Amino acid sequence: MSFTTHHFAATCHMDFRADERRRLVAWADENVLEVSIKPAGTGQAEGMIFVGYGEGVVHWTIYRADGHLWLCRIEDRNEQGREGSKVAVGSVEDALARIMVDTEA
């Protein structure tokens, strides 16, 4: 499991709250997935969550933009990661539930 952010208070409405980050890390531990959280202001306007199976390979991203929370599935095509599907979700929990459906398919 990878967790790349430090404890900090979200200072931007585009960032993830501390409770969302804690739930995400616990969920990743339970489901043997890796998660990396980049806070807003580190090269992008919004905070980003990267979720994958390991080895530093990202399979999903979660972020806030345009007033929505987005879940993007990254598809591997010819060893190049490409955005496959993007869907607005209601919460981080909704995004995690969709990731679980993906992992079981």
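A nonpolar core is a set of buried Ala, Val, Leu, Ile, Met, Phe, Trp, Tyr and Cys residues joined through side-chain atoms within 4.5 Å. In this predicted model, the largest such core has 20 residues. Trp27, Val35, Ile49, Val51, Ile62 and Ile99 have the most contacts inside it. At least two residues each are supplied by helix H1 (18–30), strand E1 (34–38), strand E2 (48–52), strand E3 (60–65), strand E4 (68–77) and helix H2 (92–104). H2 gives the largest share, five residues. Another core, of five residues, lies apart from it and includes Tyr63, Ala65, Trp70 and Cys72.

The chain as a whole has two helices and five strands, in the order α-β-β-β-β-β-α from the N terminus. Of its 105 residues, 38% count as buried. Among contacts between residues at least 6 apart in sequence, 36% join residues at least 24 apart.

The count of aromatic pairs comes to one. Tyr53 and Trp60 form this pair, which is edge-to-face, with 5.6 Å centre to centre and 70 degrees between the planes.

| Residue | Relative accessible area | Class |
|---|---|---|
| Tyr53 | 43% | partly exposed |
| Trp60 | 0% | buried |

Trp60 counts as buried because its relative accessible area of 0% is under the 20% cut-off.

Trp70, one of the residues of the other core, also has a charged group over its ring: the charged end of Lys86 sits 4.6 Å from the ring centre.

Definitions and conventions:
Residues are numbered from 1 along each chain as its sequence is written. This is a predicted model: local features need pLDDT of at least 70, side-chain atom pairs count only at pLDDT 80 or more; totals for chains, interfaces and linings use all residues. Side-chain values use heavy atoms; hydrogens and water are left out. Helices (H or I, at least four residues) and strands (E, at least two) are DSSP runs, numbered from the N terminus. Buried means under 20% relative accessible area, exposed over 50%, partly exposed in between (1.4 Å probe, protein chains only). Contact means heavy atoms within 4.5 Å. Rings of Phe, Tyr and Trp (its six-membered ring) pair if their centres lie within 6.5 Å; planes under 30 degrees apart count as stacked, over 60 as edge-to-face and the rest as tilted. A charge sits over a ring if NZ of Lys or CZ of Arg is within 6 Å of the ring centre and within 35 degrees of the ring normal.
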